[in-house]
Amino acid sequence: MRPLGRTGIQVTPYCLGTMMFGKAGNPDHDDCVRIVHRALDAGINFVDTADVYGPRGESEEIVGKALKGRRDDVVLATKVNGSMGEDPNRSGSSRRWIVTEVEHSLRRLQTDHIDLYQIHHPDPRTDVEETLSALTDLVRSGKVRAIGSSNAPAPEIVEAQWVAERRGLQRLRTEQPTYSILNRGIEREVLPTCRRYGMGTLVWSPLAMGLLTGRYRKGGPEPRNARMNWVPRHLTDERKLDAVEQLIPLAAEAGLSLTHLAMAFAVTHPGVTSAIIGPRTIEHLDDLLAGATVTLDDEILDRIDRIVPPGTDLGPLDVAYNPPAITRTSLRRRSADERAAA
């Protein structure tokens, strides 16, 4: 077990992620329930979901079914912020939506409390004090035990900590960023910032959206699955595929599969509390569990560092959060009139 930041909660180094439960991944509810039970029986005590998974609540409903009779043995995490309908007010981090959607999540999960309630993405439209105030009320009401963020840049993590201190609000206790051998950017600022503030860190996609399973190879056929609709640049990035070709023989020399090498790497960093695994089938879960005791020595870690230097993102992750300063042209370029006047 590892401490989940300074919450006093203890969690396993692997967290069962449920993004693949439901129509978006495995539509067989009974099979998904079996996956949850297999993970719990193997010793995992941490389950992460989100209102948008499934999509739109289906994953939470499956998790609720799976945890009947076992809820007290599980640290249950879910998220709010993604779109849950055409109405623009059915998304985001406003007080209006948070206090509404938490009730929906509690109903779908068939529980009276959520152990970790996370803001799925930063919301530039909403004042952070508005968000923290709503989350604080949920903690004080007993509906939520701890609060966290996901995909937040380091400056926004710091701002939230300062606002909480100045206003006497609940602090964000965790952060959930992406992290893998191929995307190590959080080692520069996010992980050190989380450690400074005593925050737990749950990292998602330690297998780099499947690239670190060895199924996708340089010169091989183009992936033809749902992920190509989601992360096409990532799955076809030449720099990442080149790194995979170097990592496969390294794993073989160590007597490991690439999957087990990648998972062991993710949980080795002292700033990482737990790595989220997202199996779609029992077979996927069993393979991941088989490598749960793997540890990497300094020689292997040094060789990984030579392939992908610390703090380096080899290429963009299509689904990664980009702030308005990047996505909005008007914030990156002076207007035509301003340019002409200059």
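## The second largest pocket

In this predicted model, the residues lining the second largest pocket divide by class into 12 nonpolar, six polar and five charged. The lining comprises 23 residues, and those nearest the centre of the pocket are Thr 178, Ile 186, Asp 313, Ala 320 and Tyr 321. The space within the second largest pocket amounts to about 540 Å³.

## Strand S3 and its partners

Strand S3, which spans residues 14-17, directs Tyr 14 and Leu 16 to one side and Cys 15 and Gly 17 to the other, and all of these residues are buried. S3 pairs in the parallel sense with strand S10 (residues 274-277) over three bridges, and in this pairing Tyr 14 stands opposite Ala 275 of S10.

S3 also runs parallel to strand S4 (residues 46-48), to which two bridges join it, and here Leu 16 stands opposite Val 47 of S4. Between S3 and S4 the chain passes through helix H1 (residues 29-41), making a β-α-β crossover that is right-handed.

## Cysteines

A search of the whole structure finds zero disulfides. Cys 15 is accordingly in no disulfide, and the nearest cysteine sulfur to it, that of Cys 194, is 16 Å away, whereas a disulfide would require the two sulfur atoms to lie within 2.5 Å. Cys 194 is likewise in no disulfide, with the sulfur of Cys 15 as its nearest cysteine sulfur.

Cys 15 has a relative accessible area of 0% and is therefore buried. Cys 194 also counts as buried, because its relative accessibility is 0%, and the cut-off for this class is under 20%.

Notes:
Residues numbered from 1 in each chain as written. Predicted model: local features only at pLDDT ≥ 70, side-chain atom pairs only at ≥ 80, totals over all residues. Heavy atoms only, no water. Buried < 20%, exposed > 50% of the residue type's maximum accessible area, 1.4 Å probe, protein only. Helix = DSSP H or I, 4+ residues; strand = E, 2+ residues; numbered from the N terminus. Pairing = 2+ DSSP bridges. Right-handed = clockwise from strand over helix to strand, strands pointing away. 1 Å grid on protein atoms, 1.4 Å probe; cavity = no way out; pocket = protein on both sides within 12 Å on 5 of 7 lines; lining within 4 Å. Points joined across faces, edges and corners; volume = space filled by probe spheres on them. Nonpolar A, V, L, I, M, F, W, Y, C, P; charged D, E, K, R; others polar.
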